[in-house]
Every structure is written in C-alpha cells, then in structure tokens.
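Please look through the sequence and the model shown here, and then read the report that follows, which takes one part of the fold at a time.

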Amino acid sequence: MEMKDVTDQAICQTTLYVESATLELDEGRLTIRQSQKQFARQQSIQVQYLHVLWAHATTEQLTIHFAAERHKVLNAATRVFQLLDQDTSSSRVQAWIQLLLDRAYGASKPRKHLKIYLNPVSGKGSAVKLYHRYAEPLFEGARCHVELHETCYSGHASWSVREDRDIDSWDAIVCCSGDGLPYEVINGIAQRDDAGYILRNVPIVQLPGGSGNAMCVNMFKTTSFSHAALYTIKGIRQPIDLMSVTQGDKRYISFLSQNIGLLAECDLDTENMRFLGGQRFAVGFLQRLFNPPVYGCDLAVYNPASEHLTDPCAGRLGSQFDVEGRHGLPDLQFGSVNDSLPESWKWEHHPTLSVFFAGQFPFVDAKSKVFPDANHDDGLVDIIIMDSRIGARKLLQLFKRVPEGNHLAMREVHHRKVSAYRVVPARTRGAFSIDGERSSFQTFQVEVHPQLGMTLVAPTGVEER
Ligand SMILES: Nc1ncnc2c1ncn2[C@@H]1O[C@H](COP(=O)(O)OP(=O)(O)OP(=O)(O)O)[C@@H](O)[C@H]1O
C-alpha cells in the first residue's frame, strides 16, 4: 500500500464528517469543528478523552455524552449530530465510536455496575444533594448501572454488604460519605466467610460527602465531588494494604489510620462543633496548645530490617494466602493483642507522649499530609510520635507544617515505618480513633495485610485538584 493510502485510511478512521461538523479523534482529545451558517468562521470544541462518557448512534444521529468543565465543576453535557446520508447504518460510524470509546476508557471498564451507599447525615448533611446534583447525571451519561441505597441508620451499609449475595458482581462499591462509611463497609465485608476474596476483588471508593474524605483525597487526588464521580467512572483498579486492629477479643479492619492522644482529641472531642466543618479540628488544637494532653504508653514495634525500606516488595510478608478461591480474613501473622509478642519486637517506654498517629496514606484529610511518604501498597504503616513537652511554639510550627507535610523535618517529630505494632496506654480513659471513628480506649495491636484491599484510582495523567 502506498504511503498516501495508509495516511488517508488513518484519517478516515479518526475523522467523521457529520452534518455541519467534523469530528476528529486527535492526540488526547476529541475535536468537534462545527461550521455554523450564522457564524462566518468555524467553531471548535475540544473534549479530553477523560471527559468523554459515552457515544452511540441510530440510523440518523450520533450522540456524544461528555463532562463539560466550568468553574472547576464537571457537568453532564450531550451533543447530537445528524449523520450524512452515506453514513447512516454504516459500520464506519460504529468503528469510529468504538475508537472514541477505546480512547475514552483505556484500561478502565466502561458502563460500570456501581452499588452506591449514600449517607444522609455525613458531614454537614449535604451528601444527598451533592450526589443528585453532580454524580448522578455523570453516571447516567456514562451509562453506568447504578443501585442506590440511602443509609437509614449507623450499621446499615455494614449489614447490607454482609448480606449481599451478588457482591462480587459490582465493579465498585461507592460510599458517598465521609470516611466512616467506607470503614463500615470494609468491616461489614470482613464478617463474611469470603471476606478475603471480596476485599481483594471488589473496589471500594468514596465520593467526598463528609468533612475528612481521606480515601477520595488519596486515591482520586481531589475534593471535587464531580471529579470524584468522573474518576469512579474512569477509575483503574488498584490494590491497597489494609490493617487488622485487635483489641480485647475484637478484630477491626482499618484502611486509614489509628490515632491516640492530642490529635485524636482534636478530632473526636470537637464533635459538638460539627457546624464549623473542617475548622473544628483547628479550634480543638488551639484549645490544647498550651497544655497538651499526656498519653504515656508502652509501644512495641515490629520494625522491618532496613532493607525493607529500600525494597518496595519487602513489606509484603503476609501475602501467603491464595488470590483465588473463597475464604475469610487472612490469619494474623503476629497473633492478636492477647498473645505474647515475638522476641523480634522491640519495646519502648514513652511516659510523656502526647501524639501517636499511624497511617498508610499520605493524607488523613485534604489539608493534613501527616504521612507525606506513605505508600498504600508497600505492606508498611507509618507511625509518628511526639512528646507532650514540645512547647506551644513548636506545636504551632507542627500545625503550620502538616498541610505541606514538612513536619517530618522537625527534630521533635519521630517518624518510622513498621509492619506491625502494639500500644499499651498508661491511662484508662482517652481519645482513640480507628479511621477517624471513636474506638474503645484500651491496648491495641496492628498488623498490615499487604494488598488485602481494592479500590479505584484516577487514570494516569490526572493532576491534583
Ligand atoms: N442514616 C444514618 N443515620 C445516622 N448515622 C448514620 C446513617 N447512615 C450512616 N450513619 C453513620 O454515620 C457515621 C459517619 O459517617 P461518615 O463518615 O460518612 O460521615 P462523617 O463522620 O460526617 O464524615 P467525616 O468522617 O469525614 O467527618 C458512620 O459511622 C455511619 O455508620
């Protein structure tokens, strides 16, 4: 074939002439050149492939659904084009649509089946409005199959996922909420006989309906509701680590953090200031600035050898269970909090500790990059600890540095990565949260389960918003 013929054929595949417009599949985007008789010149519209939701044709018309960005918000938009006579019922139109959708979805599954839990009391209570205003039209435009459940009580989502016989048929479980609902969903699944299989295979994602929204911030790198909805539609599967927290005879599964002391108080003991939104944490912090609480404790860590820190796969100690097959939660590699610790664990005494914070994602909310170099799938959990005698000036410095994650450079902040740890508090009462949810204040032990969880991430090339 002549070079010219090859070029002509390629243009033919990527260019579609419709009535009064030319549609071109360019590098990274669809370009619509519309020649409108009332305008002297051609009008051109460009739509990134990321924003293309769906396209289909009848014998006469081609319809393209996409997300149009205006003032940093995505809205569902539709363009309908009249096909030219020779193209009606043509396989060329179908081939062009297929090429457009291939570029629009890449490795992501189109027309996802989404099970959505909507928490009407999340954050300031606006999750329902946000969902119907921003997410629903995009899901419709993308032809997603949606099953929507508004949660009626605390524990509703947990019960629902525990009882769902077809849970593995969903392409994602979407929590339109704060971080409390994903935590509830994960722990509901954890009670199933096939927990390990479901956690590993069914992605759990968040649309940011709460005040923290850490899962969304870390995985979709946005706090924008409409963008999170688009990234759910276009999301790529991504395994993440989960952590077992044992306390007494209970076992919880944590995806985000464990927090005791000063910072836990700023979150948990300011619930009565919910009307302040994200500001309540700052108010709680300032209230404690000159007299930080003392949370003396003994801490034991299983500190992977230094080679763990350089080998990205080295933390994956617990990956011994099968990926296939149906089975419950993985065994606890180090036993529970009730077992005696192996000798390889090191005990430390911290009588004047004020902050103990452990987590596996960089952000614990959109404005707090507490663990800047944390990695969600390396089999390790980051821990920071800080003494109560740090002083108000340094505490304030810490507060100012956390949004950018520069606080780790402070001498007073001790940071490390481990695969398991135990905390034995000296006090009998105090603030302790798992994934931001208040938990009983008593000795607890944590171990990381490498890549036990599954979520969706924004396609590559998406910038932080
Ligand atoms: N209809 C409901 N009524 C009362 N509580 C509910 C209802 N539905 C869900 N919940 C509970 O609300 C709790 C908080 O949920 P979520 O994390 O979504 O919001 P939030 O706490 O406002 O968000 P954030 O953690 O970001 O502040 C969850 O533990 C969940 O069990």
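## The nonpolar core

The largest nonpolar core has 134 residues, and those with the most contacts inside it are L138, V185 and A229. A nonpolar core here is a set of buried Ala, Val, Leu, Ile, Met, Phe, Trp, Tyr and Cys residues joined through C-beta atoms within 7 Å. A residue is called buried if 20 or more other C-beta atoms lie within 10 Å of its own, exposed if 12 or fewer do, and partly exposed in between, with the C-beta atoms placed from the backbone.

This is a predicted model, in which local features need pLDDT of at least 70 and side-chain atom pairs count only at pLDDT 80 or more, while totals for chains, interfaces and linings use all residues. Residues are numbered from 1 along each chain as its sequence is written.

When its neighbours within four places in sequence are left aside, A229 is in contact with Y134, A135, L138, F139 and L207; contact means that the C-beta atoms of two residues, placed from the backbone, lie within 7 Å.

## Two crossing helices

Two packed helices are described by the angle between their axes and the distance between the axes. Helix α4 (residues 156-163) and helix α5 (residues 180-189) have axes that come within 8 Å and cross at roughly 35°, and this crossing of α4 and α5 is right-handed. Axes are lines fitted to C-alpha atoms, for helices over the stretch in contact, and angles run from 0 to 180 degrees between N-to-C directions; a crossing is right-handed if the near helix is turned clockwise from the far one by less than a right angle, and left-handed if anticlockwise. Helices (H or I, at least four residues) and strands (E, at least two) are DSSP runs, numbered from the N terminus.

On the α4 side, A157, S158, W159, V161 and R162 meet L181, E184, V185, N187, G188 and I189 of α5. Helix α5 is largely enclosed by the rest of the structure, because nine of its 10 residues are buried; among them are P182, Y183 and I186.

## The parallel sheet

An open sheet of four strands runs in the order β9-β8-β10-β11, with parallel pairing, where two strands pair if DSSP finds at least two bridges between them. Its edge strands, each pairing on one side only, are β9 (145-150) and β11 (204-208), and the twist averages 25° from one strand to the next.

Strand β10 (residues 172-177) pairs with β11 in the parallel sense over five bridges, and V174 has V205 in β11 as its bridge partner. Helix α3 (residues 127-141) lies across β8 (113-118), β9, β10 and β11, and runs at about 170° to β8.

## The antiparallel sheet and a hairpin

A second open sheet, of six strands, has the order β13-β12-β23-β20-β15-β16 with antiparallel pairing. The strands β13 (250-254) and β16 (346-350) are at its edges and pair on one side only. Within this sheet, β15 (residues 297-302) and β16 pair in the antiparallel sense over five bridges, and C297 stands opposite H350 in β16.

Strands β6 (residues 61-70) and β7 (residues 73-82) also pair in the antiparallel sense, over 10 bridges, with T63 opposite V80 in β7. They form a hairpin with two residues between them, and H71 in the turn has a positive phi of about 50°.

## A buried loop residue

Where does F363 lie? F363 is in the loop between β17 (353-359) and β18 (381-387), and F363 counts as buried because it has 24 C-beta neighbours inside 10 Å. Beyond its neighbours within four places in sequence, F363 is in contact with A214, V217, N218, S368 and K369.
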